[in-house]
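Subject: Structure handover

Dear colleague,

I am handing over the structure below for your use. My notes on what was found in it follow.

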Amino acid sequence: MSALWIAHVEVTDAQAYGEYAKRATTAIADHGGVFLARAGRYVQLEGKERARNVVARFPSLEAAVACYNSPEYQEALSYAKGAAERDLVVVEEVA
């Protein structure tokens, strides 16, 4: 069953976060991830607003978690730490 990787992000250092995004894109694609939404228009209806919202679909929950734990993604993530406030969740899609 496929899964969605959903991130809500407030960027505090655009240059460092840009490097994260470039490297993360490759790591996500290498694990079968496909972006469905990436920093597009949005309407905040409830909760804490964060200007950057990202949704990627993976072949499975396990593939998404493997991506996150991969050395390539962890290297990319090192650029995001200190450059953004982030919330990230992976949820299985309804069949």
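Buried here means under 20% relative accessible area, exposed means over 50%, and partly exposed covers the range in between. Please keep in mind throughout that this is a predicted model.

Salt bridges

I began with the charged pairs. Side chains of opposite charge can pair when their charged atoms come close. Searching the whole structure gives seven salt bridges.

Are the two partners buried or exposed? R50 has a relative accessibility of 7%, which is under the 20% limit, so R50 counts as buried.

Another salt bridge pairs E85 with K48, and their closest N and O atoms are 3.4 Å apart. Here too the pair links distant parts of the chain: E85 belongs to strand β4 (residues 84–92), K48 to the loop between β2 (34–38) and β3 (52–58), and 37 residues lie from one to the other. K48 counts as exposed at 56% relative accessibility, while E85 counts as partly exposed at 40%.

A further salt bridge is formed by the side chains of E19 and R23, at 2.6 Å from N to O. Both residues are in helix α1 (residues 14–30); because they are four residues apart there, about one helical turn separates them. E19 is partly exposed, with 22% relative accessible area, and R23 is partly exposed as well, at 28%. Salt bridges with shared partners also join E19, R23, K22 and E75 into one network.

In soluble globular proteins, nonpolar side chains tend to be buried together. The largest nonpolar core in this model has 22 residues, and the members that touch the most others are W5, Y17, Y20, A24, I28, F58 and Y73. Which elements give two or more residues to this core? They are β1 (3–11), α1, β3, α2 (61–69) and α3 (71–80). Helix α1 provides the largest share, seven residues.

Leaving aside residues up to four places away in sequence, Y73 touches W5, Y20, A24, A27, C67, Y68 and R86.

Helix packing

The axes of α1 and α3 come within 7 Å of each other and cross at roughly 165 degrees. An angle over 145 degrees counts as roughly antiparallel, and α1 and α3 are therefore roughly antiparallel to each other. The crossing of α1 past α3 is left-handed. On the α1 side the contact is made by A16, Y17, E19, Y20, R23, A24 and A27, and on the α3 side by E72, Y73, E75, A76, L77, Y79 and A80.

How do α2 and α3 meet, and at what angle do their axes cross? The two axes come within 5 Å and cross at roughly 55 degrees, which makes α2 oblique to α3. C67, Y68 and N69 of α2 make this contact with P71, Y73, Q74 and L77 of α3.

Two alanines

A39 lies in the loop between β2 and β3. Although A39 is not a glycine, it has a positive phi of about 60 degrees. Its relative accessibility is 36%, so A39 counts as partly exposed.

A7 lies in strand β1. At 5% relative accessibility, A7 counts as buried. With residues up to four places away in sequence not counted, A7 touches R52, N53, V54, D87 and L88. The C-alpha atoms of A7 and G18 are separated by 15 Å, the two residues being eleven apart along the chain.

Regards

Technical notes. Residues numbered from 1 in each chain as written. Predicted model: local features only at pLDDT ≥ 70, side-chain atom pairs only at ≥ 80, totals over all residues. Heavy atoms only, no water. Salt bridge = Lys/Arg side-chain N within 4 Å of Asp/Glu carboxyl O. Buried < 20%, exposed > 50% of the residue type's maximum accessible area, 1.4 Å probe, protein only. Core = buried A, V, L, I, M, F, W, Y, C linked by side-chain atoms within 4.5 Å. Contact = heavy atoms within 4.5 Å. Axes fitted to C-alpha atoms, helices over the stretch in contact; angles between N-to-C directions. Parallel < 35°, antiparallel > 145°, perpendicular 65-115°, else oblique. Left-handed = near helix turned anticlockwise from the far one by under 90°.
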